[in-house]
Amino acid sequence: MIQTDICIVGAGPGGAAAALQLAYKNQSCVLLDKAKFPRDKICGDALSGKIPTILDRMDPEIMNRFRTQQPQLGMWGFKFSAPNGKEMEFDFTPKDATSLPPAPGYVATRLVFDNFLIEEVKRHDCIQLLEEVNIADYEKQADGYLLKDKSGNDIVKTKLLIIASGAHSKFARHHAGLEKDNRHHAGGLRIYYKNVGNLSGNNAIELHYFKELVPGYLWIFPLPNNGANVGLGMRTDMISKRKFNMRKALDKLVRTHPRLKDRFENAEIVDTVKGYPLPLGSKKRIISGDRYMLIGDAGHLIDPLTGEGIGNAIYSGAIAADQAINCVKVDKYDADFLRDYDVRIQRVLGAEMQASYLMQRILLFPKVVNFLTNRLDNNQFALDFINRTYSDPTSEWHKELWRPMFWFRLLRGR
């Protein structure tokens, strides 16, 4: 049995980021996962601007290695289509630069990106990585948690747990008490294609808000080697209320919708349709307790508007690591001391997710979306605002959505 001060359960982006943050601050830990890497993960595969920002803070060479050694595409824009068919494209490629700076975001498969982070983990001797270890039982003891496998073997004894075990986290449900709420939960489907027509030259990601899906959306994210990640997401309560078959809807849309059918006429499916749950961060929850913190999907930290979870997983992992170091320093692991983690999560991510939830609720009304889209077309103020939110994850754009003057200027265009 391994004994440690800090054990991280789940070695996806959130867990790996937490381990790396600890390592860069000279704190040892155990990082374990039930899988053997490399392994796939069902996802949209988009890497938001938060990810390079946080990894650069740890060590700029991490992102340099990712850009130069891994198959990925830099995202320089996005396309948006409203229910009325109005399309807008935002291109953030620098116009006057002699060479492109690092992209604000990327698209890379989780098979590639997650394994890249594991290779980064392996650079640090103070991280003890355990693969193919499936924890079945968490036994709470006076001085920590005892983790056991399915056979009842003692695997790890730890003073503090960082739970990064994803949307299906048993610990989050059975120990932390995070129940599924269909109003704050979504379902997603993903399928890989090759040769989708008319992909953007600037690797723009595409979000299509068809009237059949509102408030959900269909996405098309370009991948290396002429690939594309195509999928759709919708809030779980809406799926249930409408008795909505997402698989049939996705298939029908790419085959018959006027905006898609020509683009998919020669496209080739290279994988089966796969679904996954999305526990959204639109509901405020307590995600820490006596000797534990929840990060990423396990802490229901997925963006309510976009469904993007990797950035928030990495961000929360770094925050949890900082809190864990404070715990070890003073040898305090009680719920009151760990509440500082929740406070910081709410300060850094909570307001942003509430703003995203506001936008998600606006999308419930297609006529409002159509009106806003018409007003935003060729709108310089909107273009500047979106450029800032897309390229600068530290811009705190969410604060502006609550100011009446922002909406006045947005609708005026200046």
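Predicted model: local features only at pLDDT ≥ 70, side-chain atom pairs only at ≥ 80, totals over all residues.

Student: How many salt bridges does the structure hold?

Tutor: With that 4 Å limit between nitrogen and oxygen, some of them share partners: Asp-40, Arg-190, Asp-271 and Lys-274 are joined that way into one network. The count for the structure is 22.

Student: Which residue forms a salt bridge with Asp-114?

Tutor: Asp-114 lies in helix α4 and its partner in the loop between β2 and β3, so the pair ties together parts 75 residues apart in sequence. Helices (H or I, at least four residues) and strands (E, at least two) are DSSP runs, numbered from the N terminus. The closest N and O atoms are 2.7 Å apart, and the partner is Arg-39.

Student: Is Asp-114 buried or exposed?

Tutor: Buried means under 20% relative accessible area, exposed over 50%, and partly exposed in between (1.4 Å probe, protein chains only). Arg-39 is at 12%, so Arg-39 is buried. Asp-114 has 0% relative accessibility, so Asp-114 counts as buried.

Student: How many of the residues of α4 are buried?

Tutor: Helix α4 spans residues 110-121 and reaches 16 Å from its first C-alpha to its last, close to the 16 Å expected at 1.5 Å a residue. That expected span is 1.5 Å times one less than the number of residues. Among the buried ones are Phe-113, Phe-116 and Leu-117. α4 is mostly covered, and the buried share of its twelve residues is ten.

Student: Which residue forms a salt bridge with Lys-50?

Tutor: Lys-50 lies in helix α2 (residues 50-58) and its partner in helix α9 (residues 335-362), so parts 302 residues apart in sequence are tied together. Both partners are buried. With the closest N and O atoms 2.6 Å apart, the partner is Glu-352.

Student: And which residue forms a salt bridge with Asp-290?

Tutor: Asp-290 is partly exposed, with a relative accessible area of 30%. Its partner sits in strand β9 (residues 135-141), so the pair ties together parts 150 residues apart in sequence. The closest N and O atoms are 2.8 Å apart, and the partner is Lys-140.

How values were computed:
Residues numbered from 1 in each chain as written. Heavy atoms only, no water. Salt bridge = Lys/Arg side-chain N within 4 Å of Asp/Glu carboxyl O.
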